[in-house]
Amino acid sequence: MENEEITQKLADALVRARENTERPNVFKQMANKAKVIKRLADEYIAMNYVSDAVNQYNRENIPLGAKGFDGTKLDNFYHSRGMYNAAQLGPEAAEYALRLGEEKERFDRIKKKYFQGWSDKKIAADSKKDLQNNINAVIMALNNPGVPVSQVFPYEGTTAGAFDPRFNK
């Protein structure tokens, strides 16, 4: 039931977005695809940078056994930010972003299984979580056009807020 419900919410959001936005011409569609790739890549790069910085900071500054910065929710935060930013470009861009997200998850399954040694169960759970984050962020973006990502996914008080140079200007 849960999967059907989220699929319906996504379909409804796409229909509403199409009714309320003008379909971009072919050149704008191509430009939007490039923007989607850039927005998703920017968040992916930022996530990896912040994750590495958090790990290094904790290794070098936090005594063994003490609690350092928590990097466990960075994946959720950056998946959501990237998809939200991409979907702000419109329904076609949102669908393209979701397709790219699905392809990335296919690649990640291979990487996690054969290079990181994850179990099939852990891979499936992580992939499901990531895809769910993607869909939820797209629905939120389509239902809230023009609302900045920082308002929906605030970075203040988060690990990302402490380490992502874009937020520390």
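Visitor: Which residues does Ser127 touch, not counting residues up to four places away in sequence?

Guide: First, a word on what you see. This is a predicted model, in which local features need pLDDT of at least 70 and side-chain atom pairs count only at pLDDT 80 or more, while totals for chains, interfaces and linings use all residues. Residues are numbered from 1 along each chain as its sequence is written, and side-chain values use heavy atoms, with hydrogens and water left out.

Now to your residue. Leaving aside residues up to four places away in sequence, Ser127 touches Glu105 and Arg109; a contact here means heavy atoms within 4.5 Å. With Glu105 there is also a polar contact of 3.5 Å between the two side chains. That term stands for a pair of N or O atoms within 3.5 Å; within protein, one must be able to donate a hydrogen and the other to accept it, and residues adjacent in sequence count only if both atoms are side-chain atoms.

Ser127 sits in helix H5. Helices are DSSP runs of H or I with at least four residues, strands are runs of E with at least two, and both are numbered from the N terminus. Ser127 counts as buried because its relative accessible area is 3%; buried means under 20%, exposed over 50% and partly exposed in between, using a 1.4 Å probe and protein chains only.

Let us step back to the whole chain. The protein chain has seven helices and zero strands, and buried residues make up 35% of its 169 residues.

Val36, for instance, touches residues including Ala86, Leu89 and Tyr96.

Not counting residues up to four places away in sequence, Pro91 touches Leu142, along with Leu14, Ala17, Arg18 and Thr21. Pro91 lies in helix H4 and is buried, with a relative accessible area of 2%. The C-alpha atoms of Pro91 and Arg16 are separated by 9.1 Å, although these residues are 75 residues apart along the chain.
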